Amino acid sequence: MRDTTHFRTIIISDLHLGASGSKAEEVTSFLKNYSCKKLILNGDIIDAWQLKKYGVWKRKHTMFFRRVLKMIEENNTKVIYIRGNHDDFLDQIIPFRLGKHFQFRKDYILNSGSKSFYITHGDVFDSITTRMKWLAYLGDMGYTFLLWINKFYNKYREWKGLPYYSLSQRIKQSVKMAVNYMSDFEEKLTELAKAKSCDGVICGHIHHPAIREIDGIQYMNSGDWVETLSALVEDSEGNWSLLYYNQQHAGNKSENSKPLRTKVVENFPGTEKQVAFTGIIPNKDHRIL
């Protein structure tokens, strides 16, 4: 029987199932190693935008949902699926409940110990997505093209014995407009959490995992399963951490002769010092990238 680590809550987002860059096998493997009382799928789980154009639904994408259903069967896990901009087709049915343990929602308030967190995918404040969808589609095409280039570039780096390098993350960190967008995004979401009388906000959308405090409001982003391969987890005492897939398997290489497809994002600040679990430091502005 597989040994698993139990969490109170696991939050993942931005899987983009149906898109070529989705790491469906990795996220399914990730969930096989953990159990939880509540699993929150925080938007862009299915990439309907890509499926409408040139994306392909594969067996590995179906296997992800089979794993989720298995978690319900084995552990009575409650699953909350929050719509994102890439799976906005869910707007036609939400709120919707599928049995006792699976529900679809626009947003959600999670009670964590004495604190409450407002959970939203994050596209609510993206004016490009909400008002100029054609421009959002254009940006999506650019990002997909960048991932395509990145794929071949990293094959070359692998041949040279070099670690994985994320072109898109480098651009996000280098281009002033992108940096300002992420900063504004975080501030606006924390303001929304404050307006809803919550102690923090949990989101996805920008593919940028983080845990930090902004003006007394806890901001957390679960990252994505296209490049960063990260998740937010809450332990039994209400402590939140970021957990990375590549770190989950770092100690397994010597035990398993079958090579694992893991990646270390070279250009993340402090990546070489990351640990699998990094908790929130009270009363400090704390960020994990």
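Trainee: What share of the contacts with a separation of 6 or more comes from residues 24 or more positions apart?
Mentor: They account for 69% of those contacts in the chain, where contact means heavy atoms within 4.5 Å. This is a predicted model, so local features need pLDDT of at least 70 and side-chain atom pairs count only at pLDDT 80 or more, while totals for chains, interfaces and linings use all residues. Residues are numbered from 1 along each chain as its sequence is written, and side-chain values use heavy atoms, with hydrogens and water left out.

Trainee: How many helices and strands are there in the chain?
Mentor: Eight helices and twelve strands. Both are DSSP runs numbered from the N terminus: helices are H or I with at least four residues, strands E with at least two.

Trainee: In what order do the seven strands of the open sheet come?
Mentor: β4-β5-β3-β2-β1-β11-β12, with mixed pairing. Two strands pair if DSSP finds at least two bridges between them.

Trainee: Which strands stand at the edges?
Mentor: β4 (96-98) and β12 (240-244). Each has a single partner strand, so one side of each is left without a neighbour in the sheet. From one strand to the next, the twist averages 25 degrees.

Trainee: How many bridges join β4 to β5?
Mentor: Three, and the two strands run antiparallel. Arg 97 stands opposite Gln 103 in β5.

Trainee: Switching to helices, which strands does α1 touch?
Mentor: Helix α1 (residues 24-32) packs on the sheet against β1, β2, β11 and β12, and its direction makes about 145 degrees with that of β2. Helix α3 (residues 59-75) lies across β1, β2, β3 and β5, at about 135 degrees to β2. Axes are lines fitted to C-alpha atoms, for helices over the stretch in contact, and angles run from 0 to 180 degrees between N-to-C directions.

Trainee: How many residues has the largest nonpolar core?
Mentor: It has 32, and those with the most contacts inside it include Ile 10, Phe 30 and Leu 39. Such a core is a set of buried Ala, Val, Leu, Ile, Met, Phe, Trp, Tyr and Cys residues joined through side-chain atoms within 4.5 Å. Buried means under 20% relative accessible area, with a 1.4 Å probe and protein chains only.

Trainee: Which element gives the largest share of this core?
Mentor: α3, with five residues. Apart from this core lies another, of 15 residues, among them Tyr 108 and Trp 240.

Trainee: And what percentage of the chain's residues is buried?
Mentor: 51% of the 289 residues.

Definitions and conventions
Buried means under 20% relative accessible area, exposed over 50%, partly exposed in between (1.4 Å probe, protein chains only).
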